[in-house]
4 protein chains.
Amino acid sequence: MKAIKHIEIKKGISVNELVKQMENSGVMGAGAIAKAANVLEKMIKDKDCKIYLGMAGAMVPGGMRNIIIDIIKNKLIDVFVTTGANLTHDLIEGLGHKHYQGESNVDDAELNKKGIYRMYNSYMKNEVYEDLEDFFDKHYSVLSKCKNIREFLSRLGELSPEGTILNACFKNNIPIFCPSLADSGIGLIIWGRLVQGKEMDVKAFDDLKDIIEIAWTSKKNGVVYLGGGVPKNYIQQALQVVPNKADFGIQITMDRAEPGGSSGAPLKEGISWGKMKKEADFVDVICDVTIALPLIYGAVKDRI
Amino acid sequence: MKAIKHIEIKKGISVNELVKQMENSGVMGAGAIAKAANVLEKMIKDKDCKIYLGMAGAMVPGGMRNIIIDIIKNKLIDVFVTTGANLTHDLIEGLGHKHYQGESNVDDAELNKKGIYRMYNSYMKNEVYEDLEDFFDKHYSVLSKCKNIREFLSRLGELSPEGTILNACFKNNIPIFCPSLADSGIGLIIWGRLVQGKEMDVKAFDDLKDIIEIAWTSKKNGVVYLGGGVPKNYIQQALQVVPNKADFGIQITMDRAEPGGSSGAPLKEGISWGKMKKEADFVDVICDVTIALPLIYGAVKDRI
Amino acid sequence: MKAIKHIEIKKGISVNELVKQMENSGVMGAGAIAKAANVLEKMIKDKDCKIYLGMAGAMVPGGMRNIIIDIIKNKLIDVFVTTGANLTHDLIEGLGHKHYQGESNVDDAELNKKGIYRMYNSYMKNEVYEDLEDFFDKHYSVLSKCKNIREFLSRLGELSPEGTILNACFKNNIPIFCPSLADSGIGLIIWGRLVQGKEMDVKAFDDLKDIIEIAWTSKKNGVVYLGGGVPKNYIQQALQVVPNKADFGIQITMDRAEPGGSSGAPLKEGISWGKMKKEADFVDVICDVTIALPLIYGAVKDRI
Amino acid sequence: MKAIKHIEIKKGISVNELVKQMENSGVMGAGAIAKAANVLEKMIKDKDCKIYLGMAGAMVPGGMRNIIIDIIKNKLIDVFVTTGANLTHDLIEGLGHKHYQGESNVDDAELNKKGIYRMYNSYMKNEVYEDLEDFFDKHYSVLSKCKNIREFLSRLGELSPEGTILNACFKNNIPIFCPSLADSGIGLIIWGRLVQGKEMDVKAFDDLKDIIEIAWTSKKNGVVYLGGGVPKNYIQQALQVVPNKADFGIQITMDRAEPGGSSGAPLKEGISWGKMKKEADFVDVICDVTIALPLIYGAVKDRI
């Protein structure tokens with residue numbers, strides 16, 4: 001048995017030093033953070049390993065956008081799966097808008113009057129939709145020719161301004177999957193054009209071929225889940241049907257296991273489904289992603 | 001101020017009597033259950049109100065299927081939005097298979113060897129996929145002609161055995177929306193045919209027209225969310241763009257608000273977005289759905 | 001493997017019928033409720049079993065008082081361990097005051113001005129303290145002669161009005177343990193007299209002899225924890241040192257296991273400590289106590 | 001409105017730089033961490049402010065011991081309130097024993113056979129109790145002369161080895177309050193001597209005079225709660241009765257507000273009770289303490 005070494009804080013301590021100390025303390029939340037950094041380091045350093053990043057939750061309104069872009073620019077991941085909401089918020093910022101620091105204990109009717117949308121304590125002005133509409137009007141004919149969501153998002157990334165997650169993925173040849181794209185602001189914009197009689201023939205199931213082919217042909221697979229939701233499950237099910245199940249896994253979530261949903265399910269459960277190898281190196285981090293991700297990535301950045 | 005009246009348990013107490021007492025105690029979880037029953041009763045009794053049921057999480061593996069079917073057969077809802085996973089589990093039971101009572105503290109590698117998939121402490125045999133494959137092979141030509149997910153699910157409901165949620169919705173003309181259907185066992189089955197060169201041209205965005213049209217033309221709207229995820233958000237965003245925002249709302253979830261995701265966001269947040277009226281009658285129930293739903297529906301069933 | 005039978009709601013369904021159906025569904029939260037009812041029924045019907053009820057959290061302000069009194073009057077438990085806060089709230093109601101149904105999203109400074117104390121959405125007027133002071137002034141000389149907390153609470157129960165938990169325990173010879181009694185409104189009242197130079201020589205450790213002797217001499221032991229905190233841990237540690245560890249266990253809590261505290265620790269952890277038998281019949285219910293307790297007790301009341 | 005600035009991770013980033021960036025992102029968990037660091041910095045730098053640290057949960061088994069000792073040695077706090085369990089674990093380490101890195105998904109009966117106690121994934125050998133018994137046998141006559149818990153713990157600190165929290169508090173004249181000391185391993189050791197007929201007359205209520213006097217005579221008060229439980233409530237109630245309510249507050253917990261207990265109650269609730277000023281600078285951090293505390297203290301250490 002390895003003894004717990006208590007964490008010591010020294011002036012000027014770096015994130016990597018702290019996370020290494022968390023490895024020595026080794027238990028509870030701190031232990032999970034340290035293990036996540038180790039697992040992420042291993043999967044990045046393993047040349048045979050394809051890495052799938054699933055991101056749900058309000059990560060762009062939560063200030064995580066530049067970490068994601070940094071991960072993409074450094075080509076640390078091979079596949080990005082996210083929600084339509086995060087892509088919408090990303091594009092909105094790309095069009096020059098901001099998210100704002102707000103309050104959660106607030107009069108939402110008052111916010112509504114002022115034209116402010118709230119995501120916990122992150123705010124967005126509803127006027128952003130005008131620019132979003134203009135952007136899609138300008139590019140609709142190009143986008144409407146796309147055959148599936150992956151292609152749509154690749155083209156959207158090409159058209160998106162520098163500094164967006166969308167554009168970074170495009171430039172770095174990282175495919176974006178977003179099976180529930182219709183369920184987002186982008187979906188609503190497209191709906192606005194569909195009811196005007198415009199076309200959008202993007203197919204719903206087509207992308208499955210692409211993500212599963214990537215997973216099928218990888219020697220090793222590593223998964224990183226920020227939140228659960230569709231992004232997690234979509235990666236999980238791809239790994240279920242391929243020969244090489246996940247070798248590495250990190251999940252950061254505040255959802256609980258007991259109600260039985262996929263978002264809160266510990267990674268271990270995936271072993272029963274053949275989504276993860278029984279000897280895989282994996283960890284569940286029960287923490288707010290906006291705390292855990294900067295810590296873990298801050299440590300790993302020093303190591304690679 | 002209304003005084004709290006302590007709950008009194010008498011022999012033979014009915015669910016409705018208990019929930020009415022919870023109204024008199026009126027606070028914390030019990031108060032929320034009671035309020036949810038009242039709000040559900042009101043929206044059902046309001047002839048002008050269209051009701052949208054969003055269901056995420058492992059509700060079929062969790063034993064909630066017959067409650068949902070009863071709700072549908074009694075035409076208590078107008079729109080059903082769910083995950084592909086729940087529809088897959090529903091169809092699997094329709095094909096004669098079962099889910100089983102299991103354990104959560106278990107050796108998942110052992111389960112995997114035995115061909116058992118685990119959702120917390122609910123099990124399913126992996127052999128179910130064979131019948132699922134056969135079912136889709138038999139009906140693929142019909143299903144592949146569908147133009148969007150709603151139509152696909154309506155047709156699937158027609159083809160599904162009696163006793164399924166899918167079939168009950170079909171028979172009762174309740175549309176099923178499932179924007180992330182590709183993210184499910186049904187998605188995987190379709191993938192298996194796509195890679196064989198078969199077609200499936202179901203469009204990703206088309207359904208938005210239908211759900212938003214229903215919401216647009218309703219005099220009043222009531223929302224019921226079992227879990228969060230895409231089903232909740234898809235209904236929320238439909239209400240965002242229509243003139244009549246939600247008048248009634250019930251959300252049952254164990255997710256937390258603080259990490260900022262949609263699944264844990266209290267209904268109140270939707271007022272800032274214009275998804276819910278500021279004067280709406282709504283309640284957040286922080287509870288496992290498998291506990292709260294039978295209680296709430298058990299009470300309401302006595303009142304309608 | 002036992003197949004999951006989906007819950008069916010019929011008009012007029014009783015709580016006991018619902019909980020029995022939850023046994024047939026058998027998984028997730030509903031399965032835990034059903035198992036808790038079965039375990040409670042078993043421990044009550046086992047003539048050799050002493051039952052320890054630990055209660056933390058705002059249970060009196062939460063409307064649970066009469067359920068506890070009913071349990072006590074029916075002599076279903078042998079030992080009651082709780083927090084000073086619950087006993088304070090109980091006595092306050094005994095002196096003729098009420099708790100009130102309030103709001104959680106509220107201006108607390110406004111409440112403070114109005115003399116209202118808030119516990120989530122349960123309110124109490126601060127004027128209650130005057131009667132509490134008078135009560136203790138009247139009885140201080142008697143109470144100050146008590147040698148330990150158990151004796152103090154027994155005497156307090158004798159002096160307390162009919163209809164209180166305190167009085168019900170006294171009349172039914174059920175000892176109340178409350179190791180952190182100083183940490184409560186009652187503690188503050190006593191402090192007010194200590195600074196006036198009055199005595200209160202109640203000893204801090206003495207009660208350990210009594211609770212451990214009860215546990216030592218029992219043939220079987222069953223534990224029921226409403227919330228965690230000191231009440232749970234105090235019972236747990238008594239069982240740790242006695243020959244007969246717990247045979248039955250129920251824990252109802254919303255706390256999580258991962259941060260490592262006692263309140264969220266699953267009962268299973270107690271097996272490593274020798275607090276519970278490895279073959280014990282036990283269940284963790286992840287639910288708000290104000291929902292779970294009426295359901296479980298409502299079912300068990302029909303069975304005994 | 002202040003725009004959210006996305007966090008940027010650079011190689012070698014220090015904890016303080018990261019936490020400052022979290023201030024610029026400013027929302028959700030990261031925003032709360034940053035605010036907690038700012039509030040802690042302010043209360044430490046305010047010469048008029050007395051600081052009360054309340055610590056519950058398995059913090060010594062969780063690797064937080066040296067951070068606490070560092071805080072004490074730097075005289076950053078004025079009052080320390082904790083659970084008997086943490087003091088027991090602290091003394092056990094002082095006597096030369098260790099805690100160990102373990103697993104949470106484990107056979108607890110197997111651990112029990114091996115003489116290992118489990119706190120989530122932190123282990124302790126049960127043989128530690130022998131040395132604990134010897135220590136108390138050696139010092140019992142001195143300890144049994146103490147009149148109240150504060151005095152008992154001060155004397156225990158004097159007798160405890162260098163390197164313990166207990167000893168650090170003694171040397172730095174920081175009083176330790178622990179109203180539920182009987183509810184702990186130390187309590188059990190004392191019980192063992194009580195049943196042998198030895199005395200221990202420590203009074204239960206006496207300490208209230210001391211803690212309330214400190215709070216009464218402070219110009220300003222700042223509270224820091226690691227977990228909830230008795231330590232939080234004991235500090236809260238002291239502030240309730242004194243003229244100067246808390247000016248600063250930090251609470252780190254994973255407990256939820258909705259069930260109504262004190263441990264999960266947001267600090268804001270204390271304003272209704274007159275425990276905190278309405279204009280106080282305070283923040284609730286929803287995070288595992290073993291993650292949040294090193295981050296917050298790591299940042300603040302650079303600033304003072």
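Analyst: Two strands pair if DSSP finds at least two bridges between them. Strands (E, at least two residues) and helices (H or I, at least four) are DSSP runs, numbered from the N terminus. The model is predicted: local features need pLDDT of at least 70, side-chain atom pairs count only at pLDDT 80 or more, and totals for chains, interfaces and linings use all residues. Residues are numbered from 1 along each chain as its sequence is written, with chains lettered from A and ligands numbered from 1 in the order in which they are written.

User: In β3(D), which residue is the bridge partner of Y52(D)?

Analyst: β2(D) runs parallel to strand β3 (residues 79-82) of chain D, with four bridges between them. At Y52(D), the partner in β3(D) is V79(D).

User: What is the hand of the crossover from β2(D) to β3(D)?

Analyst: The chain passes through helix α3 (residues 65-73) of chain D on the way. A clockwise path from the first strand over the helix to the second, with the strands pointing away from the viewer, counts as right-handed. This β-α-β crossover is right-handed.

User: Which residue of β8(D) is the bridge partner of Y52(D)?

Analyst: β2(D) and strand β8 (residues 220-226) of chain D are parallel, joined by seven bridges. Y52(D) is bridged there to V223(D).
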